[in-house]
Amino acid sequence: MFDISALDLARMQFAFTVSFHIIFPAFSIGLASFLAVLEGLWLLKKDDTYMQVFNYWKVIFAVGFGMGVVSGIVMAYQFGTNWSVFSDKAGPVIGPLMGYEVMSAFFLEAGFLGVMLFGQKRVGPRLHFFATLMVAAGTLFSAFWILSVNSWMQTPTGHTINAAGQFVPDVWFNVIFNPSFPYRFVHMVLAAYLTTAFVVGAVGAFHLLKDKTNKNARLMFSMAMWMAAIVTPIQMVAGDQQGLNTLEHQPAKIAAIEGHYNNVTGAPLVLFGIPDNETGELLYSIEIPRLGSLILTHTWDGELQGLNAFPKEDWPNTFLIFWSFRIMVGMGVIMLIVGLWSLMRRFQERLYDDPWLARAAVAVGPAGFVAVLCGWITTEAGRQPWTIYGLLRTAESASPLNGVEVGGTLLAFIVVYFTLFGTGVYYMLKLMAKPPLIGTEDQTTSFKRASGMTGAPSTLDRLDN
Amino acid sequence: MEFDLPLIWAAIIAFAILAYVSLDGFDLGVGIMFPFMPEKSGHRDAMMNSVAPIWDGNETWLVLGGGGLLAVFPLAYAVVLPALYVPIIAMLLGLIFRGVAFEFRWRASEERRIWWDRSFAFGSLLAAFAQGICLGALIQGIEVADRSYAGGRLDWLTPFSILTGISLVVGYVLLGSTWLVMKTEGELQTFARKFAMISGILTLALIGVVSLATPFLDAEYHHRWFEGGNLIFSIIVPFLLTICAGVLFLGLKRHHDIRPFFAAHGIFLLCYIGIGISFYPRMVPPDLTIWAAAAPDKSLHFLLVGTVFLVPIILAYTIYSYWVFRGKVDESGGYH
């Protein structure tokens with residue numbers, strides 16, 4: 001414990017706070033779009049089912065979004081507290097992108113969130129729908145800019161380096177649309193959509209298991225399973241494309257993911273193994289011959305570089321990303337199976353009648369979160385030992401750190417995040433466990449009020465008088 | 001025409017921080033006042049509802065301040081944040097405690113709700129106090145060597161920074177209480193008015209103490225305020241402050257709803273201008289100037305193009321969302 005360096009503690013702090021944070025936006029990006037679609041369909045079809053489902057998820061969205069905001073503010077300042085050298089050097093390039101994120105996304109979300117959550121009775125339905133659309137657009141803009149920043153750190157282009165050692169933007173287009181950005185952006189937005197779809201599907205299935213005639217639960221389940229069946233295969237293609245892009249720009253990362261230490265032609269796909277950086281060997285491996293080369297080079301006997309082709313001080317933590325990658329892909333395969341299963345049942349017109357499908361959907365509810373976390377671990381830990389790939393080492397990026405401060409605040413973050421966000425997740429699950437009630441819109445609203453604020457209406461009535 | 005981009009950006013960042021202090025200031029103030037309103041009164045719901053639709057937008061200015069500083073004054077960002085490590089993280093944790101309470105409070109069972117009231121109040125107080133400490137530490141100056149923070153780990157903790165911490169807490173209560181005077185009626189408004197009166201007197205007293213202490217921290221501040229061409233400000237600023245104080249107290253006494261809120265903001269604005277006069281042309285006292293801290297022109301220019309275009313739009317829909325929730329706080333707007 002006591003021989004952990006301040007640098008390691010700072011890395012742990014960043015990993016911890018960013019991992020917790022990503023859970024909330026991954027959910028709210030998808031949910032905001034889902035809400036916009038629901039409200040749009042309601043305006044179009046005038047079917048109250050959509051509005052009831054909208055109101056049901058709106059409350060859950062509010063709880064998750066709040067946690068995303070406050071855990072996000074931490075990220076905006078942590079670059080400076082723990083990674084000041086990185087901030088000084090990379091600020092001129094990544095700072096303006098983040099500035100655009102704040103101005104085009106965060107303000108948009110925050111400005112219209114109030115209207116979306118509390119303004120239903122104060123503005124007309126079309127204006128309210130506009131507010132929902134703006135919140136959804138804000139989440140996507142935010143993903144655009146922050147993915148651009150992250151991708152630039154992975155595949156930096158469009159900059160020069162000045163006398164003070166700062167990265168200076170040269171061609172902004174090349175900075176923003178750096179080589180890995182389009183792949184990452186698509187992969188992440190699809191991941192967010194799938195994460196939300198599987199949560200919505202799980203909640204729909206959970207309530208269908210109790211009452212399969214519940215119209216609201218049916219709508220949730222049906223919409224979610226369409227997403228699962230259609231978007232999961234698309235996501236797999238997007239992931240494959242990102243893999244090819246990574247092979248081109250960060251071959252050491254791919255070598256670690258694949259568990260290859262030596263260069264191989266006609267490389268196998270390793271299903272299982274324990275990579276050991278010390279000995280430079282992959283232990284206990286189970287392999288499918290040639291499939292690795294087929295996936296990554298699209299030829300039967302393409303050559304893949306192994307880690308030994310790179311200096312050892314440039315290797316990432318192979319064990320970690322070898323496994324995080326496999327867990328992510330495993331989640332994807334499970335999602336695909338559920339998606340295809342639902343498609344089969346839908347064509348048999350038994351979508352709501354298969355309790356095992358519903359149970360499976362409940363079980364895979366959290367799969368998207370696991371996949372998102374593991375995917376980010378793969379790409380971020382795989383970028384190590386660099387903060388800006390090939391140009392600035394993590395060890396050279398840190399502030400003049402003090403172990404007591406970093407360790408103490410890390411402990412504080414851990415305690416506060418688990419207590420507060422843990423409770424928040426519990427409240428979200430509690431809301432999801434409530435059946436989506438069927439009734440007129442007014443009944444739905446009064447149900448919500450009764451469940452939330454008791455005693456208050458009388459107080460406020462008194463104030464009104 | 002050649003633009004002085006760093007100077008323009010210093011003005012924009014100053015505006016963002018002012019917007020943050022003015023806007024989040026009153027909703028933090030409402031949080032700090034929470035424990036003084038008895039739980040049984042039922043008024044806490046109205047207090048929280050009065051800021052629930054807008055707090056999130058208010059806090060976004062803080063992200064713009066931080067993100068903007070990283071973008072256009074990366075060196076200032078890189079020395080100030082390590083120097084203020086502990087108070088910055090305390091502020092962030094405080095903002096978490098209060099931010100989650102807005103939703104959690106309505107999700108908790110009757111018996112547990114009190115914990116979220118406490119979380120809301122504690123978080124607001126901690127965030128406000130930590131911001132005040134940061135302000136004081138910044139005024140005292142931050143030691144820089146070789147593009148890096150070179151001072152001690154506890155430089156931020158001094159009697160002066162504690163004084164500014166307390167001052168900001170009291171000042172935010174003034175903003176929060178005048179907000180409630182504007183947004184509420186009846187018993188709650190009477191309570192708010194009383195708070196505004198007390199915190200108004202205390203705020204002015206603390207402004208006096210801080211103003212007297214500041215010129216003695218640093219010869220440069222003394223020079224700035226008591227000698228040379230700036231002497232005129234040393235007369236105008238206190239004069240305008242007196243007018244704002246007059247409007248505040250008269251407004252409270254004559255039961256004006258709106259005037260005290262704007263008078264309180266006038267007081268904040270003047271203090272802010274005062275600090276600006278002390279700092280200029282430095283970004284981080286005592287040594288780092290606006291131009292030395294600035295990012296290369298290419299960065300400043302790229303972000304400026306968007307800022308000129310986006311900030312007016314942001315202001316427009318921010319005003320719109322305040323307008324949607326205009327008038328006295330009531331139940332009909334909430335979904336809880």
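Predicted model: local features only at pLDDT ≥ 70, side-chain atom pairs only at ≥ 80, totals over all residues.

Reader: What makes Asn308(A) partly exposed?

Author: Asn308(A) has 14 other C-beta atoms within 10 Å. A residue is buried at 20 or more such atoms and exposed at 12 or fewer. The count of 14 lies in between, and therefore Asn308(A) is partly exposed.

Reader: Which residues does Asn308(A) touch, not counting residues up to four places away in sequence?

Author: They are Tyr261(A), Asn262(A) and Gly280(A). As for Ile286(A), that residue is 22 residues from Asn308(A) in sequence, and the two C-alpha atoms are 21 Å apart in space.

Reader: Why are α2(A) and α5(B) called roughly antiparallel to each other?

Author: The axes of α2(A) and of α5(B), residues 85-107 of chain B, cross at roughly 175° and come within 9 Å. Angles over 145 degrees count as roughly antiparallel. The two helices are therefore roughly antiparallel to each other. Among the residues that make the contact are Val63(A), Val70(A) and Tyr77(A) of α2(A), together with Ile89(B), Leu92(B) and Glu103(B) of α5(B). By class, this contact has 16 nonpolar, 3 polar and 2 charged residues.

Reader: How many residues of chain A and of chain B are in contact with each other?

Author: There are 68 residues of chain A in contact with 72 residues of chain B. On the side of chain A, α3(A) gives the most, with 23 residues. That side has 40 nonpolar, 21 polar and 7 charged residues.

Reader: How do you know that chain B is as compact as a globular protein of its length?

Author: Chain B has 13 helices and 4 strands. Its radius of gyration is 20 Å, and the globule rule gives 20 Å for 336 residues. The value is close to the rule, so chain B is as compact as a globular protein of that length. The C-alpha atoms of chain B fill a box of roughly 55 × 45 × 40 Å along the principal axes.

Reader: What percentage of the residues in chain B is buried?

Author: Buried residues account for 55% of the 336 residues in chain B. Of the contacts in chain B between residues at least 6 apart in sequence, 77% join residues at least 24 apart.

Notes
Residues numbered from 1 in each chain as written. Chains lettered and ligands numbered in written order. Rg over C-alpha atoms; globule rule 2.2 N^0.38 Å. Contact = placed C-beta atoms within 7 Å. Nonpolar A, V, L, I, M, F, W, Y, C, P; charged D, E, K, R; others polar. Axes fitted to C-alpha atoms, helices over the stretch in contact; angles between N-to-C directions. Parallel < 35°, antiparallel > 145°, perpendicular 65-115°, else oblique.
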